[in-house]
Amino acid sequence: MSKGGAEVTPLSRKQIRAFSDKVRDYFGVKSAKFPIIEVVEIVLPQVYKGFLFEVLSTEEMGENHGLTMPEYNVIQIREDIYLRARAGEGRDRMTIAHEFGHLLLHKGVALARSPSAIALPAYKDPEWQAKAFAGELLISHRHLEGCQEAFDLVSRFDVSYDAAEIQWHAFKKEGLIAKPGK
């Protein structure tokens with residue numbers, strides 16, 4: 001349960017995984033590493049009418065690493081996050097994928113966070129959904145062959161160890177990872 005923010009249409013991790021598979025297919029990504037920078041910076045402006053990807057200074061963004069306004073088709077990323085993502089830094093690639101998730105999953109929802117006493121279950125929380133989408137998109141279940149532990153996901157998918165571990169546990173929980181010796 002999380003507090004604050006808007007309640008969105010419920011989505012399970014399984015539904016989010018299926019959606020991320022469709023996104024990979026739509027963009028023709030067959031490789032393990034999803035080219036998140038190229039997609040949001042080059043491809044989306046060509047295929048998503050009115051989409052705007054902005055890289056803003058630290059002064060303009062403040063504490064925010066990224067902001068998405070799905071109602072306006074806008075993703076804003078703080079410059080240092082963008083530069084590290086371009087350099088292949090896993091955590092920052094995940095930040096951009098997270099914002100991409102908000103854009104695709106939360107059309108028509110004003111996502112500004114506001115303090116709230118209402119506790120949302122994860123599946124109705126836009127932050128959990130965007131985080132799950134980013135994990136599923138960047139760490140695809142389609143490319144797990146040969147992976148024995150979470151650490152194997154880090155270099156295969158260009159993600160942080162923390163993201164790899166979260167996704168590894170989600171895959172294990174859903175039986176997507178073969179048990180040792182099988």
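# Briefing on a predicted structure

Leaving aside neighbours within four places in sequence, Thr95 is in contact (heavy atoms within 4.5 Å) with His65 and Ile81. Thr95 lies in helix α5; helices (H or I, at least four residues) and strands (E, at least two) are DSSP runs, numbered from the N terminus. With a relative accessible area of 12%, Thr95 is buried; buried means under 20% relative accessible area, exposed over 50%, and partly exposed in between (1.4 Å probe, protein chains only).

This is a predicted model, in which local features need pLDDT of at least 70 and side-chain atom pairs count only at pLDDT 80 or more, while totals for chains, interfaces and linings use all residues. Residues are numbered from 1 along each chain as its sequence is written, and side-chain values use heavy atoms, with hydrogens and water left out.

**Packing of α4 and α5**

- Helices α4 and α5 pack at an angle of about 115°, with their axes 7 Å apart; axes are lines fitted to C-alpha atoms, for helices over the stretch in contact, and angles run from 0 to 180 degrees between N-to-C directions.
- That angle makes α4 roughly perpendicular to α5, given that angles under 35 degrees count as roughly parallel, over 145 as roughly antiparallel, 65 to 115 as roughly perpendicular and the rest as oblique.
- The contact is made by Ile81, Tyr82, Arg84 and Ala85 of α4 and by Asp92, Arg93, Thr95 and Ile96 of α5.
- Helix α4 passes α5 in a left-handed crossing; a crossing is left-handed if the near helix is turned anticlockwise from the far one by less than a right angle, and right-handed if clockwise.

**Packing of α1 and α6**

- The axes of α1 and α6 are 9 Å apart, and the two helices pack at an angle of about 50°.
- Helices α1 and α6 are therefore oblique to each other, and their crossing is right-handed.
- On the α1 side, the contact is made by Arg13, Ile16, Arg17, Phe19, Ser20, Val23 and Arg24.
- On the α6 side, the contributing residues are Trp128, Gln129, Ala132, Phe133, Glu136, Leu137 and Leu138.

**Salt bridges**

- The count comes to 11 salt bridges, a salt bridge being a side-chain nitrogen of Lys or Arg within 4 Å of a carboxyl oxygen of Asp or Glu.
- One of these joins the side chains of Glu136 and Arg13, at 2.9 Å from N to O.
- Glu136 lies in helix α6 (residues 126-138) and Arg13 in helix α1 (residues 13-26), so this pair ties together parts that are 123 residues apart in sequence.
- Glu136 counts as buried at 1% relative accessibility, and Arg13 is buried with a relative accessible area of 15%.
- The side chain of Glu136 also meets that of Arg17 in a salt bridge, at 2.8 Å from N to O.
- This second pair links distant parts of the chain, with Glu136 in helix α6 and Arg17 in helix α1, 119 residues apart.
- Arg17 is buried, with a relative accessible area of 6%.
- A further salt bridge joins Lys33 and Asp158, whose closest N and O atoms are 3.8 Å apart.
- Lys33 lies in the loop between α1 and α2 (36-47) and Asp158 in the loop between α7 (151-157) and α8 (161-173), so the pair ties together parts that are 125 residues apart in sequence.
- Lys33 counts as partly exposed at 38% relative accessibility, and Asp158 counts as partly exposed at 26%.
- Salt bridges that share partners join Arg13, Arg17, Glu136 and Glu174 into one network.

**Nonpolar core**

- In soluble globular proteins, nonpolar side chains tend to be buried together.
- The largest nonpolar core here has 43 residues; such a core is a set of buried Ala, Val, Leu, Ile, Met, Phe, Trp, Tyr and Cys residues joined through side-chain atoms within 4.5 Å.
- The residues with the most contacts inside this core are Phe34, Ile36, Leu44, Phe100 and Ile139.
- At least two core residues each come from α1, α2, β4 (74-78), α4 (79-86), α5 (90-105), α6, α7 and α8.
- Helix α5 gives the most to this core, with six residues.
- Not counting residues up to four places away in sequence, Leu44 touches Phe27, Val39, Phe51, Phe100 and Leu103.

**Backbone features**

- Most residues other than glycine have a negative phi.
- Asn73, which is not a glycine, has a positive phi near 60°.
- Asn73 is found in the loop between β3 (66-69) and β4, and is buried with a relative accessible area of 12%.
- Asp158 likewise has a positive phi, of about 55°, although it is not a glycine.
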